[in-house]
Amino acid sequence: MVADATPKTSDLLVPTPHRLPDQLRPDLRLVFVGTAASTRSAELGHYYAHPGNRFWRALHEAGITPRRYQPGEFASLIALGIGFTDLSKTGAGMDHQIAAETIDVPGFRAKMETYRPRTIAFTSKKAASLFYRRPSSGIALGRQPRDESLPEIFVLPSPSGAASGHWTIEPWRELAAWIAALDAQHPQTSS
């Protein structure tokens, strides 16, 4: 008896295990950009899901969100004008584990041109260094020099527990002040 080699529908619908969905729409106040999902985030399907990650606490403590959200609530932040994406949509793990060929800077730029957020915030110097194509050591935290072809860009210290030696909340507060000033100039409309 010969086995049927035709794939079953259930085999075709298996989700990619190391991929988080983009949370993007036109004219967001802010888009957070990481290098790639952590292993834990990829497993759970939530951005910044590892218990040691400071992202959700920093977001609230800096004043960007009205309360402390949980990783499983990431999709609800789109209602606040906050989106998420990564430079690698297929890789997962710590930055040094992400294969270079999975980093898609042109794809990221195309998304930003399509959706035109008001502000982009890289959640690590590594992600920013891949975007700018220069070493992390040459990138300062905080607001970056303006490139008229892009929205305002901030570089934040990584909220990962693995990067705790380089942690500071100050660039997050600088971002929060920028977002508040933008909101005062251009109130967000409901969609």
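Biologist: Why is arginine 143 called partly exposed?

Modeller: This is a predicted model, and in it arginine 143 has a relative accessible area of 40%. Buried means under 20% and exposed means over 50%, so arginine 143, at 40%, falls in between and is called partly exposed.

Biologist: What makes the contact of arginine 143 with glutamate 152 a salt bridge?

Modeller: The closest N and O atoms of arginine 143 and glutamate 152 are 3.0 Å apart. The rule asks for a side-chain nitrogen of Lys or Arg within 4 Å of a carboxyl oxygen of Asp or Glu, and the pair at 3.0 Å therefore counts as a salt bridge. Glutamate 152 also meets arginine 146 in a salt bridge, again given as 3.0 Å from N to O.

Biologist: Which classes do glutamate 152 and arginine 146 fall into, buried or partly exposed?

Modeller: Glutamate 152 has a relative accessible area of 8%, and because buried means under 20%, glutamate 152 is called buried. Arginine 146, with 40%, is partly exposed. Elsewhere, salt bridges that share partners join Asp22, Lys89 and Lys111 into one network, and by the same rule the count comes to 8 salt bridges.

Biologist: Why is threonine 119 called buried, and what does it touch?

Modeller: Threonine 119 has 0% relative accessibility, and because the limit for buried is under 20%, it counts as buried. Threonine 119 is found in strand 3, and, leaving aside residues up to four places away in sequence, its contacts include Arg29, Leu30, Val31, Glu152, Phe154 and Trp178.

Biologist: What makes strand 3 and strand 5 a pair?

Modeller: Two strands pair if at least two bridges are found between them, and strand 3 and strand 5 have 4 bridges in the parallel sense, so they are called paired. Within this pairing, the bridge partner of threonine 119 is glutamate 152.

Biologist: How do you know that strand 4 pairs with strand 5 as well?

Modeller: Strand 4, residues 142-143, has 2 bridges to strand 5 in the antiparallel sense, and because at least two are required, strand 4 and strand 5 count as paired. Arginine 143 stands opposite phenylalanine 154 in strand 5. Strand 5 is covered on both faces, with Glu152 and Phe154 buried on one side and Ile153 and Val155 buried on the other.

Biologist: Which residues of helix 5 are buried, and what covers them?

Modeller: The buried residues of helix 5, residues 125-132, are Ala127, Ala128, Ser129 and Phe131, and their cover includes strand 1, helix 4, strand 3 and strand 5. Just after helix 5, arginine 133 takes a positive phi of about 60°.

Biologist: How confident is the predictor in the chain, and where is its confidence lowest?

Modeller: The mean pLDDT of the protein chain is 86, and 87% of its residues reach 70 or more. Confidence is lowest in helix 1, residues 9-12, at a mean of 40, and highest in strand 3, at 98. Over residues 1-18 pLDDT stays under 50, and the model has 7 contacts beyond four places in sequence for them. Where pLDDT is low, the predicted coordinates should not be read in detail.

How values were computed. Residues numbered from 1 in each chain as written. Predicted model: local features only at pLDDT ≥ 70, side-chain atom pairs only at ≥ 80, totals over all residues. Heavy atoms only, no water. pLDDT = per-residue confidence, 0-100. Contact = heavy atoms within 4.5 Å. Buried < 20%, exposed > 50% of the residue type's maximum accessible area, 1.4 Å probe, protein only.
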